[in-house]
Amino acid sequence: MLFGFPLLSLIIWLPIIFGLVVLVMGDRNLKVTRWLSLVGAVAGFLVALPLYGGFDSSVSTMQFTERSVWFERLNVFYDLGVDGISMPLILLNCFTTPLVVIAGWEVIRERVSQYMGAFLIMSGIVNGVFASLDAVLFYTFWEASLIPMFIIIGVWGGPNRVYAAIKFFLYTLLGSLLMLVALIYLYQTSEGSFSILDYHQLPIPMTAQILIFIAFMLAFAVKVPMWPVHTWLPDAHVEAPTGGSVVLAAILLKLGGYGFLRFSLPITPDASQELAWLLILLSLVAVVYIGLVALMQQDMKKLIAYSSVSHMGFVTLGFFLFNAYGLEGAMVQMISHGFISGAMFLCVGVLYDRMHSRQISDYGGVVNKMPVFAAFFMLFAMANAGLPGTSGFVGEFMVIMGSIEVNFWYAFFAALTLIFGAAYTLWMYKRVIFGAVANQKVEGLQDISRREFSILAILALAVLLLGIYPLPLTEVMHVTVDNLLEHIARSKL
Amino acid sequence: MEKLYLLVPMAPLLGAIIAGLFGQRIGLVWSHRTTIALVALSLFASIVIFIDVLQGNTYNGSVYTWMTSGETVFEVGFLIDTLTATMMVVVTGVSLMVHVYTIGYMHGDPGYQRFFSYISLFTFSMLMLVMSNNFLQLFFGWEAVGLVSYLLIGFWYTRPTATYANLKAFLVNRVGDFGFLLGIGLVLMHFGTLDYALVFSHAGHMSSQSIEIIPGESWMLLTVICLLLFVGAMGKSAQFPLHVWLPDSMEGPTPISALIHAATMVTAGIFMVARMSPLFEFSETALSTVLVIGGITTLFMALVAVVQNDIKRVVAFSTLSQLGYMTVALGASAYSVAIFHLMTHAFFKALLFLGAGSVIIAMHHEQDMRKMGGLKQYMPITFATMFIAALASAGVPGFSGFFSKDAIIEAVHFSEIPGADFAYFCVLSTVFVTALYTFRLMFMTFYGQPRMDSHTREHLHESPRVVTLPLIALAVPTVVAGWFIGPMLFGDYFADVIHVQAQHDVVARMGEAYTGIFGMIGHAFVTLPFWLAVAGIFTAWFLYQYKTGWPAKIRKIAGPVYTLLDRKYYIDELYSWLFARGSRALSSLLWKYGDIKLIDGFFVNGSARAVAWFATIARRFQSGYIYHYAFSMIVGVFILMSLWLFHF
């Protein structure tokens, strides 16, 4: 709490309340619905700002904590708090929501209130996931976050949306159920506690640790997603509306990464060390294999989806190096990926709204008609390729520095992204943007509107700022990361 | 002074932002006025700093903390010494000339403001690169110049060749950067810092460290680091086998070919290795590699230049060859000589390119030399200045290129590093080739009968003053820059910057024999390089002025050799088959079989099908008929009773 004020509760429930109000309002007056959604989203971002301002980056304990009883008999508490790992992620989420609302402003014409409501509610739920310190509360928010996205893909999605939505739902649910089993086991061994922080201190024998680790890993690996459980993501992205893709890439994937940091590493440190080789291997496969697969994609959204998987490979790679470069780099990569992948999907959305095609072959010479858009897209493409001076470089650089300390070859394969990332991103850019005007439809393109300009400009600023001056971000997580590293190094057997 | 240091890169950045974001609003004239004024300011500040540095005022300090991670602090900062100051003056000087020249060259182009924005952005990036005091910022500048190069090669984005060339340039450079980044990683891991001063001061006791990249194979740490860093230099400075992007980069407008792909950016690799001399000195293996790579590039790229007919491509291959010269100098531990040649080359090659650009404007964007000829009388200023550049390029005594090239040849001659003999042969024979292709260009373009169509011929005229003034301005250092050889190489100009171990110190040995520039010129007439250059010029005259039918005959006789050179040794074809097609095929394979068939087809949808299959079977038991259920109940009771009867 900040001066006795339940800030985290506000951050969680304010968007949800706004979302419910928007739902109740319905589509009678679209203008009011849209503006109310925007007000809710911006308010959600504004109330989250004191988290950064009031954050004490010199301690590793949970801050802004709130605690009240939820189910007394089961020892379930409404227990909230943030540290240097969850706080930046909450800010990223609250930052993204207004952009998504603006992005859907004119594009979404059917069931506007439900669309906006779903995003606002999801924003609150995701904040809940990041802020929960009680396992039951966490699990509730975690599973609840599936529902709005399921609806967003299933209702506003493309032609194959039902397959994609069900695939998305079942895939992630399957992983989560094993997590539930692990949580129940932990509840038993800790003699009736659902406090995540208690689990951190709980001694667990090796076999049990390994089993718990695997259960958690499945849940989180599907979310990240790691190779080979990544195939739901390209389908989900392709079918999802632009806003859905943005939130999916920028926010929902981070839930998996966050899970590793909050559960796997601190609860089962010995198993983490034992199985680190496996996670590193899967991450490197993601970086190299998926980087290659992205090259030949014909569908822009699929290409960016694969690029997302490849970039998230850096996140999981960074986690299991067990050094500061790796962990902090992975955190920076998560935030930066939120900006860049969001921006990339928005860029594709801008094109899709005009041409109703995502096929690269339908484009060519877009720069002739949309120079301002092409400039933005260039910046984000370069950021996606990890150019220094953009946020995309910082995380990758740190993780590569971290991996070279562990093993030269980890760094070698990770650094291949320098070539692959540039190849698939810029080759797509070349085919879509450069060249002479390819066809009549491209000839009729209009450059971005003021609304689109404002979203892309905000993201461009974020990408550049984080690239030129990442210190404010890394500063807040130092102590938490150091503490986590020390914690992992101690055996819990 | 610190504010002045900051001003040098920030002024062009400001220009780039103004021309880039507000170019449409402030119009053409104010776009170029703003950017030129700011680059001029940057040049002025650089000169002030240069004079200050000459008085011994060096600087090494940080501007701001970029990031901290673990125990490591990453900073953005400046290191100002003679090496930096020299580069700053060269970069801003050439950049200013190119800015002015652009007014004429890009006149009427729809991307006028964008072009000024890019070249100013380039100037900023290049300055950040040379002024850096740490590896991280070096890498930032390194990639930033790569970005601007990408944008400028693809400046005329509707041309398929341009967008092909810029993608190729970026990707080939990324291959270099891949090695470079790993090198930086090893530095950070073993030295615990990326700050130059700290790294260099620890180089000595790191020289005994070894590293096992392949288990069981122990290599010297500094060798591995230097080789990885040099891979970066090979990308940026277009050394064999990563040279393939530079000839294609000529798709960009000519001013940037002069600024980026001749005078400044491509020399970043040379600059970097010279800066890293305290590390390279400890590794003879690395130096030897540098020597051999440089030697190959020098000779084999020069040979290709002889058969090119596109005026810009001749100059481009000449640039590759000259970069090879610089690399050879680095490998021979003559870092100062490499920087010296970098400087003289920047002037004469920029002049050669801008002159070629002036010709191209006059020829209405025709670049084929076979359609030129006799331009001398139409464009006297272009001709005169280019002639000076050609003399410097061929290494005629007295001109800047002579001093620097002769110093390189001498240095390699003295060097005892393995590979020096090979490199000596390469650089020596290239003197002949250089004179040949340079004067072939001159004769084909400016002499003889005009071969263009009558329409073009009627409109031939000297370029406007914004074009000729930079030519004249560059002609001055093209002549005089070499005269500073005494203080720059044999004085203590680079004493605190470039570290050479005593047994490698060829420059010191050259210094013992040095008797001033006139002594050097006088001595030249009795040495082989001079006569090779004369022979080259004579051959060019003989073939392209006297017996003009001969080149065709030679081409016929030496058919396969000619084809090999014309196709640039088939390296492009090899790469496009091996890497471009190979990675696309691998990508399709992984995607269609790995993702679609195996993971999605077999596991994901397969398990969905398995569930469905199981459900269809299980469904049959739920028929809804009472007698089905009654029957299965009776069977069940019967089985249970039998078990109970027979087992208990």
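I call a residue buried if 20 or more other C-beta atoms, placed from the backbone, lie within 10 Å of its own, exposed if 12 or fewer do, and partly exposed in between. The model is predicted, so I take local features only at pLDDT of at least 70 and side-chain atom pairs only at pLDDT 80 or more, while totals for chains, interfaces and linings use all residues. Residues are numbered from 1 along each chain as its sequence is written, and chains are lettered from A and ligands numbered from 1 in the order in which they are written.

Chain B as a whole. I find that 55% of its 648 residues are buried. I looked up the extent of the C-alpha trace of chain B: about 120 × 65 × 60 Å along its principal axes. Chain B has 27 helices and four strands, where helices (H or I, at least four residues) and strands (E, at least two) are DSSP runs numbered from the N terminus.

Phe403(B). I located this residue in helix H16, residues 400–414 of chain B. Phe403(B) counts as buried because 29 other C-beta atoms lie within 10 Å. I define contact as C-beta atoms, placed from the backbone, within 7 Å. Beyond neighbours within four places in sequence, Phe403(B) is in contact with Gly482(B), Ile485(B) and Met520(B). Its C-alpha atom is 8.9 Å from that of Thr344(B), 59 residues away along the chain.

Ile408(B). With neighbours within four places in sequence set aside, I list among its contacts Tyr325(B), Val328(B), Ala329(B) and Val427(B).

Contacts in chain B. Of those between residues at least 6 apart in sequence, 81% join residues at least 24 apart.

Notes:
Two residues are in contact if their C-beta atoms, placed from the backbone, lie within 7 Å.
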